[in-house]
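Please look through the model shown below, with its sequence alongside. The paragraphs that follow go from the overall layout to a sheet, and then to a few individual residues.

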Amino acid sequence: MIQTVFESIHTRTIAKILERNSLERFFSCAEIEYCRQYKDMDIHLAGCLAAKRAFLKISHIADLKKIEIKHTNNGKPCILLDRKRLRSCCVSISHTGSIAVALCGINNGKICSSKKKKRHT
C-alpha cells in the first residue's frame, strides 16, 4: 500500500520566517544555498518546507532538522533523513508565484534509507 500526503505553503509563511531571521531553524545550509540561486528564493523555500512538512506527516518524525530536501542534477527532489537518501519515499514539488505544494509518498508505510547493506562472502 502506498501512503501519500499533500502539503501547501504560502510565500507569506516564508516571509515571516525571513523577518525573524530564523531560516536555520527550518532549513539546512544546503537547502538555503540551493534556493538562493533563484531570483524568487521565497517560493523555492516554500516548496522545500512543504515537502518537509508532508514527510513529517507521513513519517511521524518530529524533528524538522533531520529532514533535508536535496535536488538531483536534473532538478528532481528527494528526501534525506539524517543525511541518508530514502529509497522508499518519493516527493514532488510544484509552485505558482505565491503558493508551493508538495506530494510525498511512501511504500508499505516503511521508511528505508539507501544505505547499502554489507555483503558477506
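Helices (H or I, at least four residues) and strands (E, at least two) are taken here as DSSP runs, numbered from the N terminus. On that basis the elements of the protein follow the order β-α-α-α-α-β-β-β-β-β from the N terminus on, which comes to four helices and six strands. The model is a predicted one, in which local features need pLDDT of at least 70 and side-chain atom pairs count only at pLDDT 80 or more, while totals for chains, interfaces and linings use all residues. Residues are numbered from 1 along each chain as its sequence is written, and side-chain values use heavy atoms, with hydrogens and water left out.

Two totals describe the chain as a whole. Of the 121 residues in the protein, 40% are buried, where buried means under 20% relative accessible area, exposed means over 50%, and partly exposed lies in between (1.4 Å probe, protein chains only). Counting a contact as heavy atoms within 4.5 Å, residues 24 or more positions apart account for 58% of the contacts with a separation of 6 or more.

The sheet comes next. Strands of a sheet pair through backbone hydrogen bonds, either parallel or antiparallel. Here, three strands form an open sheet in the order β2-β3-β4 with antiparallel pairing, two strands being treated as paired if DSSP finds at least two bridges between them. Because β2 (67-71) and β4 (84-85) stand at the edges and each has a single partner strand, one side of each is left without a neighbour in the sheet. Strand β3 (residues 77-81) pairs with β4 in the antiparallel sense over two bridges, and the bridge partner of L80 in β4 is R85. Helix α4 (residues 41-59) packs on this sheet, touching β2 and β3, and its direction makes about 130° with that of β2; axes are lines fitted to C-alpha atoms, for helices over the stretch in contact, and angles run from 0 to 180 degrees between N-to-C directions.

Leaving aside neighbours within four places in sequence, E68 is in contact with residues including A30, K52 and I79.

The side chains of E7 and R53 are joined by a polar contact of 3.4 Å. E7 and A54 are 47 residues apart in sequence, yet 5.4 Å apart in space, C-alpha to C-alpha.

Finally, two loop residues deserve a look. N21, in the loop between α1 (11-19) and α2 (23-26), has phi near 50°, a positive value in a residue other than glycine, and is exposed, with a relative accessible area of 67%. H60 is placed in the loop between α4 and β2; its phi is near 65°, again positive in a residue other than glycine, and H60 is exposed at 69%.

Technical notes
Polar contact = N/O pair within 3.5 Å; in protein donor to acceptor, adjacent residues only side chain to side chain.
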